[in-house]
Amino acid sequence: MSNLQSLFQAIPSMDRCLSAVEEAARQAACDSSKPCQELIQAPHLLVREALAAYWNRVRQDIRAGTIAQVRELGLEARLPHMLAFVCRAVQPRLRPVCNGTGVIIHTNTGRSLLAREAQDALLRAASGNTTLEFNEATGGRGSRNALVSRLLQILTGAEDGLVVNNNAAAVLLVLDTFCRNREAVISRGELVEIGGSFRIPDVMEATGVRLREVGATNRTHLEDYERAICDRTGALVRVHTSNFRIIGFHTAVPTRDLARLAHDHGLLLINDLGSGSLVDLERAGLPHEPTVQQSVADGSDLVLFSGDKLLGGPQAGIIVGKKELMARLRENPLLRALRCDKLVYAALEATLRLYLKPQKAVQAIPTLRQILMSAEELSLRAERLASLLATACQGLCEVSLRADSSRTGGGAFPEYPLPTTLVVLKPLSCSAEQLKQRLLGTSPLLLGRIEQDAFCLDPRTLNEEDFDLIVRLVHKVLQD
Ligand SMILES: *Cc1c(COP(=O)(O)O)cnc(C)c1O
């Protein structure tokens, strides 16, 4: 028998591995190891699949020659490693994350955190029946489309509002309804890719709309739009450039002028704001951005924005505008495919209600609270976290503070720096990159960023209640 064959034959049977990890998990769970508790609860099918994946890796190591001794393959020798692998593999795929990146609206981690009020509403809707499509006056069928219309009217000054799955769906629905087989006139400087390879021009063309690009990348004038208008024109379209900014020699036509031009020709102005804030964030030191209210007041016929960017609510696409235009959107059969469920309405309604008291909204909505967090608060938070880490990780890493900046991410001001204080970790026995990698395997995951060869945590996007947990995670991976 060749050495390779004898190595493969030394691999323990699936049943022996299964009972060994289960027994080990039961013992470890007594020491309150959370991943091991989860393993005990996990369906057998998933545990078997994880074990098969584990031994496939070991087989690869055997073939590669990194495992060359039969004694390295015994159950005893493999158990700690196997247990750790299986515990990790059977966890749910959607896992919680502590976001220490300083990017507030982070698409990779699920964008906005919901306000307490929205969380409560979500839980109530999830665990019970609701009036989602119920007419309380007649006891018959109602429409979910009416649930937040009144709130949207009050908050945006528009005549009516409608909600779909996300802002990309809002763009799709609006263009399909008003520009199908017609031309949408848009500035070259606004044909952007938003991220996750979502390209505005691709979505537009998917609806059978022809794009009529006008102007140059950096400059578009009112006359450029005017010259492009013809009997095939469906609408003038404005798209917020979001993650892309043109600086220097740059001209864009003000919304007010564009609206007047559209209306003089009997056309609509469609305004995709992307982020779409209901509060002016200039006082946070951010550059001026028109709010949704301002865009409506400036004459946009339809204003489109996301629910989970600056608004700080659940994933949704919100469309506000004239009553008769909303009525046409509601008649589009596509709406049925783009509608939101009761969970989204519950969280969105609760979020919008907070905006009725703007002072309360900026406190209660995590996205706004994080953007508006003061330099003093950030530095106090950083000091607290740093001191907890320094105490717990003595002899394992150096902890210090550094002035740096956070980013809002997702939409209106993604690259605009917000001053912050970072907690800077320099591990003594591994590289910062290795620390970062290991923290991707913890539960929850702890995300940070590498700056100047150190692993950095931004207190702006971390919950203060999580600080003790974060210290435990860092301590654990530094010790292993
Ligand atoms: C983010 C964004 C979108 C897409 O919105 P989702 O809610 O992510 O679908 C569309 N247009 C603009 C300008 C954006 O910034």
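Helices (H or I, at least four residues) and strands (E, at least two) are DSSP runs, numbered from the N terminus. The structure is a predicted model, in which local features need pLDDT of at least 70 and side-chain atom pairs count only at pLDDT 80 or more, whereas totals for chains, interfaces and linings use all residues. Residues are numbered from 1 along each chain as its sequence is written, and side-chain values use heavy atoms, with hydrogens and water left out.

Most residues other than glycine have a negative phi, and most peptide bonds are trans. Against this background, Asn-181 has a positive phi, near 60 degrees, without being a glycine. Asn-181 is placed in the loop between α8 (167–179) and β4 (183–187). With a relative accessibility of 60%, Asn-181 counts as exposed; exposed means over 50% relative accessible area, buried under 20%, and partly exposed in between (1.4 Å probe, protein chains only). Gln-452, likewise not a glycine, has a positive phi of about 45 degrees. The loop between β15 (449–451) and β16 (454–457) holds Gln-452, and this residue is exposed at 60% relative accessibility.

A cis peptide bond, with omega about 0 degrees, links Ser-443 to Pro-444. Pro-444 lies in the loop between α19 (432–438) and β14 (445–447).

Thr-367 belongs to helix α17 (residues 366–372). The relative accessible area of Thr-367 is 2%, and the residue is therefore buried. When residues up to four places away in sequence are not counted, Thr-367 is in contact with Ile-104, Ile-105, Ser-112, Leu-113, Lys-309, Leu-310 and Gly-312, where contact means heavy atoms within 4.5 Å.
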